[in-house]
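Work through the following exercises with the sequence and the three-dimensional view side by side. Try each task before you read its solution.

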Amino acid sequence: MAAAAVAGLIPVLHSVAGDKSGYYIGRQLWFGFIAVYGVVVYVVRMPWSLIHEDFWCHGNVTNPCLIECFEKSFSSPVVGIWYFFFFIFLALFFLMEFFMAQIRHKQIKVKSVESVAGEVEEGSMVGIQEHVPSPKKSILNFHQEKMLLLLYLLYFLLQVGSQCVFLFLLMFQHLPLVSQAIIHCRTDSCPGPYLCLIRGTMEKRMSIYTLITLSFIVILFCSGFFMYSIHHYLLKGLSSAKFWFD
């Protein structure tokens, strides 16, 4: 099912990303990140798909005790958290895309009405269609749209915040699960103690390292876009306005 979801997502992203309008900075890059993120999450989950079969204990342990030891060792979800943060990554991006599209549509509508009104006042109906702005050529001006710029910056802050939380969970919750060689298990109903192991720990650690790397790259790019936007649209804009005022 996950493979079908990823396979169905790729052509949708390809068709949407094929729009060359680029009406805000980094649009094509973020579509690429979505595709890469989805493929990476699908691939790295494979070593964890049969984690209950890879967990086993030494000695004469009954099946209920084995299940209880497994539930005690993996008390928090692993792959489910990966899917959850991938959903957050998608939701934040498409929310920003939705608001950007709404504002872009309003700008196109206003410019179209102004262009038609100007041609009517001049008494020329020939150039109306020539001056109506095309949606693919409309570029959002962050120098003028300050609220839009704040939305753009908020998107990066939310992405960095969610990825920092994800990075923390990967490093301090998920990685220790497969870093210890032997798991000592003792419960009330199964006093034991039992010595338990997890097969394929190297592959499982590599999957977590891959997600850590991907999360760090997303944080790096979001921070870069955030600082560039502040410098280019706020600091340089204020300097230019002050220069013309003086």
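Helices (H or I, at least four residues) and strands (E, at least two) are DSSP runs, numbered from the N terminus. This is a predicted model, in which local features need pLDDT of at least 70 and side-chain atom pairs count only at pLDDT 80 or more, while totals for chains, interfaces and linings use all residues. Residues are numbered from 1 along each chain as its sequence is written, and side-chain values use heavy atoms, with hydrogens and water left out.

**Exercise 1.** Find how far apart the end C-alpha atoms of residues 81-103 lie, and what share of the span is helix.

Solution. Begin with the record: the unreviewed UniProt entry lists residues 28-44, 81-103, 149-172 and 208-230 as "transmembrane region", and such annotations may be inferred rather than shown by experiment. Next, take residues 81-103, whose end C-alpha atoms are 33 Å apart and which are 100% helix and 0% strand. Then turn to residues 149-172, where the corresponding distance is 35 Å and the span is again 100% helix and 0% strand.

**Exercise 2.** Decide which side chains of strand β3 (residues 194-198) are buried.

Solution. Strand β1 (residues 55-57) runs antiparallel to β3 and is joined to it by three bridges, with Phe55 opposite Ile198. Strand β2 (residues 183-185) also pairs with β3 in the antiparallel sense, over three bridges, and there His184 has Leu195 as its bridge partner.

**Exercise 3.** Is Gln159 buried or exposed?

Solution. Locate Gln159 in helix α7 (residues 146-174). Its relative accessible area is 0%, so Gln159 is buried. Finally, check its side chain, a polar atom of which lies 3.4 Å from the backbone oxygen of Phe89.

**Exercise 4.** Classify Ile103 by its relative accessibility.

Solution. Ile103 belongs to helix α5 (residues 79-122). Because its relative accessibility is 24%, Ile103 counts as partly exposed.

Note on methods: Buried means under 20% relative accessible area, exposed over 50%, partly exposed in between (1.4 Å probe, protein chains only). Two strands pair if DSSP finds at least two bridges between them. A polar contact is a pair of N or O atoms within 3.5 Å; within protein, one must be able to donate a hydrogen and the other to accept it, and residues adjacent in sequence count only if both atoms are side-chain atoms.
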